[in-house]
Amino acid sequence: MNMPFPPQPPGPYGAPPPVQPMPGPYGVQQHLPQQPYPQQGFHQQSFPQQQGWGLPPLGPPEPRRNRTGLVIGIIAVVLVVLGGLGFAVSRLAGAVGGFPEAKYRLTVPSTLMNGQYTLAQDLSGKAQEGIKGASEANVRDPQAAAGQYSGSKGDGTSLVLSGIYGRVKAPEQQRDRMLRGVGDAEGAIIVVPPMDATPAGSDVRISCQVVTKSQGAFSVTFPTCAWGDSNTVGSVAVVGPASSGQKAVDVDVDRAAELTVKVRNEVRRPVGSGSRR
């Protein structure tokens, strides 16, 4: 029988060191204490000192700008303005006197404003269909000219030109009817009524209004300006990224009127001049 060894008395240098465990087949077995607190995920508040590390701030990624709504808004504006074009021709009031001589026509050039706008689609054919069978009490031989232009900046800005040309009596009345027609389109509301915004030096009176067009949950607010003379009646509308959710008071009507005068000077050409379509 093996007898247990008696306890060793302390030596002159204190108690002997504890006996080290013998290594097992998988190395020394260590028993670590359990974590008294649940582990926390890495977040900025847990490590305030990380601000000095040059790490980017944590948080949700910046959402991409969705241009689907803007495209819908542009299409809606095209339809609204073309609807106003048909309204101007189909609801003309009678007038006395003869018709003026046809000296000018409207064109749809490939670019406008020194290349700031490029023709995306010529809508003259579609607009012409919309005025078939229209009353000619105040317009003889009406022809339509319409186009959608894309801005050169590539930010989704679009300019919509629409108009008629022929022999027009009471042209300012037709201009006003065209603007009213824009407001009569489905989902469109005239939030600022037509006003005289003719720039200095213009040889024709320009009238502008502000319209809001809703398409489901999306809406755009944009200016529409129009002119009327003895041969041409036309309107210009511009919609872009700023049009989405824009307040009517923030619309620059004077700038829209200046743009309309410049566009008119480019698209209104003498009858018999070379085509610029």
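## Largest pocket

The largest pocket has a volume of about 770 Å³. A pocket here is an open set of points on a 1 Å grid over the protein atoms alone, with protein on both sides within 12 Å along at least five of seven lines. Grid points are joined across faces, edges and corners, and the volume is the space filled by probe spheres set on the points. The model is predicted: local features need pLDDT of at least 70, side-chain atom pairs count only at pLDDT 80 or more, and totals for chains, interfaces and linings use all residues. Residues are numbered from 1 along each chain as its sequence is written, and side-chain values use heavy atoms, with hydrogens and water left out.

The lining of the largest pocket consists of 28 residues, and Tyr117, Thr157, Val238, Arg255 and Leu259 lie nearest its centre; a lining residue has an atom within 4 Å of a point. Two or more lining residues come from each of strand 8 (218–228), strand 9 (232–239) and helix 4 (253–267). Helix 4 contributes the most, with 6 residues. By class the lining holds 13 nonpolar, 8 polar and 7 charged residues. Ala, Val, Leu, Ile, Met, Phe, Trp, Tyr, Cys and Pro count as nonpolar, Asp, Glu, Lys and Arg as charged, and the others, Gly among them, as polar.

## Overall architecture

The protein has 4 helices and 10 strands, in the sequence order α-β-β-β-α-β-β-α-β-β-β-β-α-β. Both kinds of element are DSSP runs numbered from the N terminus (helices H or I, at least four residues; strands E, at least two).

Of the 277 residues, 40% count as buried; buried means under 20% relative accessible area, exposed over 50%, and partly exposed in between (1.4 Å probe, protein chains only). The protein exposes about 16900 Å², with carbon and sulfur atoms supplying 54% of it. These areas come from the Shrake-Rupley method with a 1.4 Å probe. Among contacts (heavy atoms within 4.5 Å) between residues at least 6 apart in sequence, 70% join residues at least 24 apart.

## Salt bridges

The whole structure contains 6 salt bridges, each defined as a side-chain nitrogen of Lys or Arg within 4 Å of a carboxyl oxygen of Asp or Glu. One of them joins Arg264 and Asp229 at 2.9 Å, N to O. This pair links distant parts of the chain, with Arg264 in helix 4 and Asp229 in the loop between strand 8 and strand 9, 35 residues apart. Arg264 is buried at 3% relative accessibility, and Asp229 is buried at 10%. Both residues belong to a network of salt bridges that also includes Asp203 and Arg268.

Arg205 and Glu172 form another salt bridge (4.0 Å, N to O). Arg205 lies in the loop between strand 6 (188–196) and strand 7 (207–215) and Glu172 in helix 3 (residues 171–184), so the pair ties together parts 33 residues apart in sequence. Arg205 is partly exposed at 43%, as is Glu172 at 36%. In the salt bridge of Arg175 with Asp176, the closest N and O atoms are 2.9 Å apart. Arg175 is buried, with a relative accessible area of 6%, while Asp176 is partly exposed at 26%.

## Surroundings of Val182

Val182 is found in helix 3 and is buried, with a relative accessible area of 0%. Not counting residues up to four places away in sequence, Val182 touches Val80, Val81, Gly84, Ala188, Gln209, Val211 and Thr224. The C-alpha atoms of Val182 and Val211 are separated by 8.0 Å, and the two residues are 29 apart along the chain.

How values were computed:
On a 1 Å grid over the protein atoms alone, a cavity is a set of points where a 1.4 Å probe fits but cannot get out, and a pocket is an open set with protein on both sides within 12 Å along at least five of seven lines; lining residues have an atom within 4 Å of a point.
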